[in-house]
Amino acid sequence: MILLELSKVGEQELGLTGGKAGNLANMIASGFDVPPGFVVPVTEYDRFIKDTGLDVKISALLEKLDFEDPAAVERTCRQIRESIVGHPARDELAKEIGSSTSGKGLWAVRSSAIAEDLADASFAGQQDTYLNVRPDSVMEHVRRCWASYWNERAVTYRHDNQVPQLRTGIAVLVQRMVTADRSGIMFTRDPVDGKEEVIIEASFGLGEAIASGIVTPDRYVCGENGKVRQRQVNRKQKAVFLAENKMEPVELEEARQNVAALNDHEAEGIAALGKRLETHFGTPQDVEWAMEGGKVFLLQSRPITTLTKDRTLWTRAYGDEYWADVTSPLFFSLLGEYLTEYVNREGSRIMGYNDLTGKDLIMVHKAHIYFNCEVLEEVFTYNPKFSRTKELLNYFPVKDQERIGNADTKLMKRVVAEVRIAVLDRDGMITRTYKAYDRWAKSFLEEMAPYDAMDLTRLSDAQLHEEFRKMEQAFLKHYRLIRYGMVTHSIGMNLIIKRWLESWLDDRSGELYSKVISGLKGNKTIETNIALAKLAAKANADHYVQDKLRTLPPAHFLKEMKDESAMMDFEKAFNDFLKVYGQRSHTREIYFPRWRDDPTMVVNILKALMDAPDLDLEKMEQEKVQERLQAEKDILDRIGRLEYGGPKKLAFKIVLHYAQIYLMFRENQRFYLDHQLYRLRRLFMEYGRRFKERGWVDSQMDIFFLSKEEIFAAENGKQEDMKAKIEPRKKDFERWKDKLPPKFVRGNAEFDDTIVWQGDVLKITGTSASPGTFTGLVRVVDTIEQLGQVGDDEILVTSNTDPGWTAVFSKIGGLITETGGILSHGAVVSREYGIPAVTAVKGATKIFKTGQRITLDGNEGTIYVSESD
Ligand SMILES: Nc1ncnc2c1ncn2[C@@H]1O[C@H](COP(=O)(O)OP(=O)(O)OP(=O)(O)O)[C@@H](O)[C@H]1O
Ligand SMILES: [Mg+2]
């Protein structure tokens, strides 16, 4: 006998069956209901590969394969798979399979991976499974399963992890199909936080409907007592049923679509089965099941791999406020250290928050910054309850928000902290921080003048390193001030104002609040935008320049500008602009050029602004200021008329003063951060040039995929493995450059809060960032180069709005961003221009399509999409 009957597989044969089949055999032996079947052991796969001479052929193909070339990998893998499917297996095997399956209905032919291969959890579902297979085509499908051992992901995975490609092989499980009227999956613990509850997902027909995502299954949660605690019945429009070699979903009749797939009693039965499996295997299980005429069959059980020992929860949401950009290893090693050491640790030591100094504050995951929820939660408890608003609690998963919102305030510690600041770090006092910052900003630019004039290529390695050290010393003060100014002073004061307006003057939409914090003088982002608008107006006023700007591609335009004497005047204005604002960019990430490094970005913005209606931004701004002053006066009058109006008015005036100062502080510190980043980039680009020249890296830009420590170590003679380290990091960066990874990570589990349907209307909730409502057409802008396409009164949808994006805000009708809260740049500038904005809408650039009509409610922080539109 070649085949191993599932019910007779013994302990010593487990190595031949693969994990999936081995587990099922073990379950049968312990009395669980599993559909009968047999296993084509891995030895048979090996034999096939050798007998057909495919081992030699495959080795030769892999030998010459360039793994860096995705198209080549795809081609080679396909070639291997086709050879496997194209060769017949030995007669004995075909005969045995034939006699084991003949005349007995339909079969499931399932890949069963060998344990040491693809041990990584992310590999689930990567090798093929065929359902509803007729007896006469089982043999062919076994070969297809064999072939799936050679799919691109598996091959690349083995290559990356240095697993010999021909070593392990694959087993195949052939099993009677369950004529399932209901199917689903189950987790015997919450896979995300490990909570003691069983989660079941179920729908009609075969499990294929869930696996392929064509239905949203019903969801049942059973508590520790085994009873259904929560049930969510979804509309299940389709299902897949048992039919010969057919897997097409069919439409379910209307009346059945909203019926629960399981009643509570059935769900509880399945949950109890899950608990038995958990006890049997000794760890929480991830289970696949199917029901046939009231009987539950188990199709698979494996450990929940996401439950790891490290239970730290990380959130990407907090980073949205400050550091939402895709992040390279070099940039993380720089800014990450400044935030951890000087903002968090040193700041906490001064304030006496000793429990905050030992833990990691941030990490990088999928090239984005995540903050440690534990640290954030601690920080929250040092601040009064009312400061924990909906927007801030949104950094945490929904189910934790209530607990964190209601946790007792460590008020005494907070008071002591203020005293400690006054004694140990006087510049941290609210009355001083902003003044100290202005002094620093001025001196930093002066100190940098010699560096700016320097030709870095002429420095020795030691001198270049010394420049870095000096620069770092010069800007540390920035972090030592923003640690107070950005968080306590800015968020704190603004929240108090917002709250007072809400409870004293019923400002629930945030309209009054928005008025008193816009039209503030000295906003560097607005200043930049006004300068851009002036430059655009200058171009418009000159027919020659206007025509060139309109017709030429940006790079071409810049060249003409340089060469044509007719454009001399404009060129001067353009260069003057770059001198003052050239350190800006569309992102913090220093991998990407600044305006001065790549002025085509400015040309793109000018192109967009040229067609804008003649807006006098300066005048608009002055009106905003008048509006604010008037609003302040009205508000103070109204407060004065309240009970205890006198003291309330006084308190409001003082707090508003600081709220405004520190809102500007927060906005403008970014201007000077950009000044630092511009210079850091220039310095490390020089390292990149040197490393490339010495053959240590393949391209100058590769320098961004090394940490600063690695760069300095290389300089001291440690250059080995550098290229090998760079490759995977670069891939990660490329992959996540324009995509937002999930909001939360714990161990190796990732998750997000979701979007809801209300009837035919999709309701998407974000953060209300600027009041007002607007209905209009969407314009999705993925990259800064596309900014020029934005039309008048469109709703701009982007992943995040760095100040560099805000130049077109004067012409748009509304704004949606994937990241950012009420204090992000996009929010601040939207309020300035009076356009409604909703931020922190995860996946916005994917959810919305250019040209689609949507309604934006900036008061509520929601967006509505009607299906009929
Ligand atoms: N004997 C069977 N009868 C009915 N449905 C089945 C049977 N075997 C499998 N299925 C359905 O097919 C789905 C997929 O099968 P299978 O577990 O082999 O592959 P997978 O889940 O895609 O990948 P993995 O190898 O990671 O488990 C199962 O979840 C189940 O719904
Ligand atoms: Mg499975």
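Predicted model: local features only at pLDDT ≥ 70, side-chain atom pairs only at ≥ 80, totals over all residues.
Residues are numbered from 1 along each chain as its sequence is written, chains are lettered from A and ligands numbered from 1 in the order in which they are written, and side-chain values use heavy atoms, with hydrogens and water left out.

**Entry 1: β6 and its partners**

I looked up the names. Helices (H or I, at least four residues) and strands (E, at least two) are DSSP runs, numbered from the N terminus. Two strands pair if DSSP finds at least two bridges between them. Strand β6 (residues 182-187) and strand β7 (residues 198-204) run antiparallel and are joined by six bridges. I then found six bridges between β6 and strand β12 (residues 285-292), again antiparallel. Here Phe187 has Asp286 in β12 as its bridge partner.

**Entry 2: the five-stranded sheet**

In what order do the strands of the open sheet of five lie? I read β1-β2-β5-β3-β4, with antiparallel pairing. β1 (4-5) and β4 (129-133) are the edge strands, each pairing on one side only. Within the sheet, seven bridges hold the antiparallel pair of β3 (residues 107-113) and β5 (residues 170-176). Ser111 faces Val172 of β5 across this pairing.

I also followed helix α1 (residues 14-29), which lies across β1, β2 (37-40), β3, β4 and β5. It runs at about 120 degrees to β3. Such axes are lines fitted to C-alpha atoms, for helices over the stretch in contact, and angles run from 0 to 180 degrees between N-to-C directions. Contact means heavy atoms within 4.5 Å.

**Entry 3: helix α23**

I checked the length of helix α23 (residues 568-581). The expected span is 1.5 Å times one less than the number of residues. The 14 residues of α23 should therefore span 20 Å, and its end C-alpha atoms are 20 Å apart, which agrees.

Next I sorted its residues by exposure. Buried means under 20% relative accessible area, exposed over 50%, and partly exposed in between (1.4 Å probe, protein chains only). The buried residues of α23 are Phe570, Glu571, Ala573, Phe574, Phe577, Leu578 and Tyr581. Seen down the helix axis, they fall within an arc of 165 degrees, so they line one face of α23. The arc is that of the directions from the helix axis to the C-beta atoms. On the other side of α23, I found Met568, Asp569, Lys572 and Lys579 exposed. The cover over the buried residues includes α20 (524-541), α21 (543-551), α22 (554-563), α24 (600-610) and α26 (645-693).

**Entry 4: an aromatic pair**

I counted 46 aromatic pairs in the structure. Rings of Phe, Tyr and Trp (its six-membered ring) pair if their centres lie within 6.5 Å; planes under 30 degrees apart count as stacked, over 60 as edge-to-face and the rest as tilted. Tyr437 and Trp440 form a tilted pair, at 5.2 Å centre to centre and 50 degrees between the planes. Both lie in helix α17 (residues 433-453), three residues apart, about one turn of the helix. Tyr437 counts as buried at 3% relative accessibility, and Trp440 counts as buried at 6%.

**Entry 5: positive phi**

Most residues other than glycine have a negative phi. Asn132 is not a glycine, yet its phi is positive, about 55 degrees. I located Asn132 in strand β4, where it is buried, with a relative accessible area of 0%. Lys366 also has a positive phi, near 45 degrees. Lys366 sits in the loop between β15 (362-365) and β16 (368-372).
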